[in-house]
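Colleague: I have a model open and want to learn how to read it. Can we go through it feature by feature?

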Amino acid sequence: MLRHRFQPGRLVAGVFLMLAGVIYAGDAGGLWETPWFVVIPIVNGGLCLAGVVGMVARSAHRRRTELHATPPDRP
């Protein structure tokens, strides 16, 4: 199995999209009744949050890479 970098932004986006799917599945299954417009803020909010998490993770990864890539100063 190939190793890859953990991307928390994609995890957050997936969780919110799965939540939207569960809401619509519950509505289709007759467990509850959901108006059509309820999922729009959930999906938009989840994608915005995923973008912020992705930017923070990317900047942290860059900073970490820069710290390990620079050689120590020698007198």
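Colleague: Is Trp 36 buried or exposed?

Modeller: Keep in mind that this is a predicted model. To count as exposed, a residue needs over 50% relative accessible area. Trp 36 has 64%, so Trp 36 is exposed.

Colleague: Where is Trp 36 found?

Modeller: Trp 36 lies in the loop between α1 (8-28) and α2 (39-69).

Colleague: How many helices and strands does the protein chain have?

Modeller: Two helices and zero strands.

Colleague: Next, the rings. How many aromatic pairs are there?

Modeller: One aromatic pair. The partners are Trp 36 and Phe 37, with ring centres 5.8 Å apart. Their planes stand at 90°, and over 60 degrees counts as edge-to-face, so this pair is edge-to-face.

Colleague: Which residues make the nonpolar surface patch?

Modeller: Tyr 24, Trp 36, Phe 37 and Ile 40 make the patch, which covers about 480 Å². Both rings of the edge-to-face pair therefore belong to residues of this patch.

Colleague: Let's turn to Thr 34. Is Thr 34 buried or exposed?

Modeller: Buried means under 20% relative accessible area. Thr 34 has 13%, so Thr 34 is buried. Thr 34 sits in the loop between α1 and α2, and Trp 36 is found in that loop too.

Colleague: What does Thr 34 touch?

Modeller: Leave out residues up to four places away in sequence, and Thr 34 touches Ile 23 and Asp 27. There is also a polar contact, at 3.1 Å, between the side chains of Thr 34 and Trp 32.

Colleague: Now a glycine. Where is the place of Gly 51?

Modeller: Gly 51 is in helix α2. Its relative accessible area is 33%, so Gly 51 is partly exposed.

Colleague: How many residues apart in sequence are Gly 51 and Gly 9?

Modeller: They are 42 residues apart in sequence. In space, C-alpha to C-alpha, Gly 51 and Gly 9 are 6.2 Å apart. Read both numbers together.

Colleague: Last, the whole chain. What share of the residues count as buried?

Modeller: Of the 75 residues, 16% count as buried. Thr 34 is buried. The accessible surface of the protein chain comes to about 6600 Å². Carbon and sulfur atoms account for 67% of that surface.

Notes
Residues are numbered from 1 along each chain as its sequence is written. This is a predicted model: local features need pLDDT of at least 70, side-chain atom pairs count only at pLDDT 80 or more; totals for chains, interfaces and linings use all residues. Side-chain values use heavy atoms; hydrogens and water are left out. Rings of Phe, Tyr and Trp (its six-membered ring) pair if their centres lie within 6.5 Å; planes under 30 degrees apart count as stacked, over 60 as edge-to-face and the rest as tilted. Patches are made of residues with over 30% relative accessible area and no salt bridge: like charges are joined within 9 Å, nonpolar side chains (Val, Leu, Ile, Met, Phe, Trp, Tyr) within 5 Å. Accessible areas come from the Shrake-Rupley method with a 1.4 Å probe; for residues, only the protein chains shown count as cover. A salt bridge is a side-chain nitrogen of Lys or Arg within 4 Å of a carboxyl oxygen of Asp or Glu. Helices (H or I, at least four residues) and strands (E, at least two) are DSSP runs, numbered from the N terminus. Buried means under 20% relative accessible area, exposed over 50%, partly exposed in between (1.4 Å probe, protein chains only). A polar contact is a pair of N or O atoms within 3.5 Å; within protein, one must be able to donate a hydrogen and the other to accept it, and residues adjacent in sequence count only if both atoms are side-chain atoms. Contact means heavy atoms within 4.5 Å.
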